[in-house]
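Opening my notebook on a new structure today. I want to jot down what I look up, one entry at a time.

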Amino acid sequence: MQALILAGGKGTRLRPLTIHTPKPIVPIANRPFLLYQIDLLKQAGITDITLALSYQPGRIEEMLGNGQEFGVRLHYTVEPSPLGTAGAYKKAGEHLSETAIVLNGDTLTALDLADVVACHREKKAAATIVLVPVEDPTLYGVVETEQNGRVRGFREKPKHDEVSGNTINAGIYVLEPHILDLVPDDEPFSFEYQLFPALLERNEAFYAYVWHGYWLDIGTPARYLQASLDVLDGRLNGLRAAQSGAQVFRGDGELTRIDEVSIIDPSCTIRPGAEISRSVLGPNCLVEERARIEGSVLWGGSRIGHSSLVRNSVVGRSGIVGRNAVVENAILGDKSSLSDYTLV
């Protein structure tokens with residue numbers, strides 16, 4: 001088995017967090033996001049992985065290298081111009097000589113990939129698409145299936161009176177090698193709008209696997225924050241977060257209060273009287289006296305001033321929040337600077 005991670009997007013929906021950081025390596029609980037997908041593949045015994053890149057590929061390759069550090073073998077392909085989801089799959093074809101799992105590069109899940117592959121082989125499928133149920137399918141493209149799981153059709157954002165199911169494309173596929181032959185070389189091509197309809201027209205053995213467990217598209221700031229907190233809450237069934245630890249100062253009778261859930265890089269400095277709960281602090285953050293961080297993510301180098309409150313928010317790299325400021329339900333990009341007593 002081999003795998004392909006589609007990691008070429010610019011992360012436009014995730015701005016301002018992706019202006020300087022490619023979406024595939026935004027930190028989730030202080031680990032690059034791609035490592036969660038790599039861990040997921042390793043759990044299924046898949047260690048031959050290709051990354052399809054486009055936006056800032058050098059930064060991603062520099063961070064992950066050949067994959068040896070993470071127990072896998074990584075290959076890279078780079079699109080000179082966007083080729084679409086299936087076009088990127090075709091370009092990676094030189095590394096995909098076996099049955100391949102394809103993952104969208106913004107999908108965080110606890111899916112049992114080994115079970116998906118087992119079902120794919122049991123049905124002797126040419127292609128298997130993973131589906132997830134949602135409360136309101138009118139916001140998505142619904143995938144319609146037969147009782148035996150065979151894919152029947154696709155309906156893009158149906159009206160309420162047109163809804164015939166609630167399962168949507170989870171962005172995870174198992175594909176046999178011959179599927180590559182259906183995708184043209186070096187031109188934009190889409191799984192959703194071109195390749196999958198072609199499979200139906202050809203009457204290929206195209207099946208669905210419905211996953212009822214954890215799944216999240218991290219592509220917006222709100223979902224990014226949710227993903228970080230979900231990792232802290234242990235919702236990913238064993239996909240690990242980074243280890244915690246911090247240099248903690250105690251003095252003047254005031255204790256620093258840090259709950260057991262939070263993840264704090266050991267290089268951080270937390271001053272007396274500060275309180276941190278259900279939050280993530282990246283490298284070299286400074287939290288001044290009596291500041292409170294609640295349900296939030298601070299990227300590396302951030303500084304939170306004396307007696308300030310940061311709640312349900314993300315502070316980008318090297319962000320500064322002044323003294324006695326209040327930041328709630330906000331997303332601050334890299335190098336944002338808020339003066340004292342600011343309310344956001």
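Here are my entries, in the order I made them.

**Entry 1: confidence.** I started by reminding myself that this is a predicted model. I looked up the confidence, and the chain has an average pLDDT of 88, with 92% of the residues scoring at least 70. Then I checked the elements: strand β24 (residues 309–311) has the highest mean pLDDT, 97. At the other end, strand β14 (residues 247–248) has the lowest, 54.

**Entry 2: helix α1.** Is helix α1 mostly covered or mostly open? I looked up its residues, 33–43, and found nine of the 11 buried, which makes the helix mostly covered. Among the buried ones I noted Phe33, Leu34, Tyr36 and Ile38. Gln37 and Asp39 are on the buried list of α1 as well. After α1 comes glycine 45, and I wrote down that its phi is positive, near 80°.

**Entry 3: two helices meeting.** I read up first: two packed helices are described by the angle between their axes and the distance between the axes. Which residues make the contact? On α3 they are Thr85, Ala86 and Tyr89, and on α5 they are Phe191, Glu192 and Leu195. I sorted the residues of this contact into four nonpolar, one polar and one charged.

**Entry 4: aromatic rings.** Next I looked for aromatic pairs, and the count came to eight. Tyrosine 89 and phenylalanine 191 form one that is tilted, 5.6 Å centre to centre with 40° between the planes. Tyrosine 89 sits in helix α3 and phenylalanine 191 in helix α5, 102 residues apart, so I noted that the pair links distant parts of the chain. Both residues, tyrosine 89 and phenylalanine 191, are buried.

My other pick was tyrosine 224 with tryptophan 299: the ring centres are 6.1 Å apart and the planes are at 75°, so this pair is edge-to-face. Tyrosine 224 is in helix α6 (residues 221–232), while tryptophan 299 is in the loop between β22 and β23, so the pair ties together parts 75 residues apart in sequence. Tyrosine 224 is buried, with a relative accessible area of 0%. Tryptophan 299 is buried too, at 2%.

**Entry 5: a cluster.** Last, I found that Tyr89 and Phe191 belong to one aromatic cluster, along with Phe154, Tyr173, Phe196 and Phe206.

Note on methods
Residues are numbered from 1 along each chain as its sequence is written. This is a predicted model: local features need pLDDT of at least 70, side-chain atom pairs count only at pLDDT 80 or more; totals for chains, interfaces and linings use all residues. Side-chain values use heavy atoms; hydrogens and water are left out. Contact means heavy atoms within 4.5 Å. Helices (H or I, at least four residues) and strands (E, at least two) are DSSP runs, numbered from the N terminus. Ala, Val, Leu, Ile, Met, Phe, Trp, Tyr, Cys and Pro count as nonpolar, Asp, Glu, Lys and Arg as charged, and the others, Gly among them, as polar. pLDDT is the predictor's confidence in each residue, from 0 to 100. Rings of Phe, Tyr and Trp (its six-membered ring) pair if their centres lie within 6.5 Å; planes under 30 degrees apart count as stacked, over 60 as edge-to-face and the rest as tilted. Buried means under 20% relative accessible area, exposed over 50%, partly exposed in between (1.4 Å probe, protein chains only).
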